[in-house]
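Look at the structure below and follow the text through one of its pockets, then out to the whole protein.

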Amino acid sequence: MLQQRQLAAIFFTDIVGYTGMMQKNEEHAVAVIKRYNAVLEKLVVAYRGEVVNYYGDGSLCIFQTAIEAVQCAIEVQAELKKDPQVPLRIGLHIGEVFFENGKALGDGVNLASRVQSLGQENTILVSEEIHNKINNHPEFKLVSLGTFEFKNVGKPMEVFAIANEGLFVPQKKKIEGKLKEKKFSDKIFYNNTSIITSAIVLLLIIIAAFFAYKRFNGHGAIDKDKSIAVLPFKNESANKEENEPFCNGVTLEILKNLTWMNELQPIAPQSVENYRDSKMSLADIAKELGVKYIVQGTVQRYNNEVKVFASLVNTEDGRQIWADDFPGQMENIFALQADIAQKIAAALRIKITPAEQSRISRVSTTNIKALDAYNEAIDSYIKLQYASLGTYEAMSQKDKIYENYLNTLSLCDKVMELDPNMAEAYSLKAKTYYYKYMHDSFNSHLHLLDTISSLGQKALALDQNSVDAYMVMSMYFNDVNQKDSAWSNLEKALALGPNNFNANRAMGNFYSSTDFEKSLHFLRKALRLDPSSVWTPQVYTDMGLVYQNLCDFQKAESCYKKALALSANSSAAIGSLFQMGNIYLHWGKPDSVIKYAQQL
């Protein structure tokens, strides 16, 4: 596949501190982003440029000449100093750009992003290539900030600041950004007192290590590693079939409460589901999932009575750290589940913040019939998802899939009828409609988007901390091409649910063509949260695309091969095979392109 390439002056922007601004005053942050967009679109066009991509609080623009790009940058910064002020940093570089799926990609984009990352509020930083193009123009004042070694960039680059009146020129010693980590020796042995400095640092490390050992071993405290998995609780109710959805709901609710805790890193339920009724030892399960701690338990329900038993095991030494019975009435089930999560946190010496405590303590519904219907709806929705990502044989059973789809919608409606204020039902119904919108490729379902939006908004009106609702709204805005709103909702979802697999994966994809380090950070976390489910191959494919954008074909190949190995006879194999062929096409290996094209 040939791609259109062009040489351009690449103009990369970022609003400094926008995430904190959004958390502090959302209304002000929205006003800032609107003003920023309006100024950018007006001035970029005035200087014969083009806004190619928006990235929430940043953008990528291209210009025909370096002079026009710099002139535009100066005027943008001057305009954004007026109220309401926008704390913007701009990075400029000249390089090749190619377009794929509407996004600008290429090494030039990567380098412009690196240059921009060194900036601060009201700065314009440029590469040596831009400097050489404008150096003979006296209207531009340039100051060298020195040479920098950027992450994933082969050779050091000199970076310059535009020092025209009104612009800020950062001091080199205060500059931070996407730079390579200095080696230990570089950080310590840097002057004539290096030996003394090294000895002092080494002594301090030894002292700190001694006290850490005393603290964490001498007093029997838990290791700092807080990776944890909650195995599906066993249903020991008299009527097992009838109470199976409720039992699954208890497991999911305890896990959800643990995911609110930023200090913990719980494995996503889809990976843990593989070990339902497993005969493997806890140590082997923990090894496969990459965790240290495992929670397991049982659920008994009889009429209005319920008893949950839960235990926490350190799988490294097989020690049961904590275990307890939790008897109670069905109307108090949410308090019981919150109590279990808090006891686990206490055993692991996790501090729960007031905000986290508020979310953990939330009661979704006091209507037990609504809760039962919701748990049944969750079971039906999970089956729907697994069918769409399962084997080709499972996918071929379209009647069964459509039955699950209708059943999920019907159960959501039943929940809303029983309890119109249960936010989770609105989010789940929206996700179910979104499934049809995305997977029924033979029909147009654009009309569903309005319904999805209405359900997402209703869920947020009922629960402002609903990660699922923010994810629904992010997907909706993305599909109606309102990228800023899509990014804003995704950022809120991730802030509320730092351990949410879907939010981490979505954020990784969001940065996949603009900030490769950030993208890989979120995708790696998504893999840690979900190491072995039908979704895992897709994340490896996502990572392969990032490495492909970095032109690191070996790592891209490795990711695609992992995706293929995990895909087996599933629908995810289609995307993996396509990307394997694609990577060899870019790599210049035609025989391999043909091989994977034939398999595809």
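The lining of the second largest pocket divides into 12 nonpolar, 13 polar and 10 charged residues. Here Ala, Val, Leu, Ile, Met, Phe, Trp, Tyr, Cys and Pro count as nonpolar, Asp, Glu, Lys and Arg as charged, and the others, Gly among them, as polar. A pocket is an open set of points, on a 1 Å grid over the protein atoms alone, where a 1.4 Å probe fits and protein lies on both sides within 12 Å along at least five of seven lines; lining residues have an atom within 4 Å of a point. The model is predicted: local features need pLDDT of at least 70 and side-chain atom pairs pLDDT 80 or more, while totals for chains, interfaces and linings use all residues. Residues are numbered from 1 along each chain as its sequence is written, and side-chain values use heavy atoms, without hydrogens and water.

In total, 35 residues line the second largest pocket, and Asp14, Tyr511, Asp515, Lys518 and Phe522 lie nearest its centre. Helix H21 gives the most to this lining, with five residues. Other elements supply at least two residues each, including strand E1 (5-15) and helix H4 (107-117). Helices (H or I, at least four residues) and strands (E, at least two) are DSSP runs, numbered from the N terminus.

H4 is mostly covered, as 10 of its 11 residues are buried, meaning under 20% relative accessible area with a 1.4 Å probe and protein chains only. Among the buried residues of H4 are Asn110 and Arg114.

Across the protein, buried residues make up 52% of the 600 residues. The secondary structure comes to 25 helices and 14 strands.

Terms used: Buried means under 20% relative accessible area, exposed over 50%, partly exposed in between (1.4 Å probe, protein chains only).
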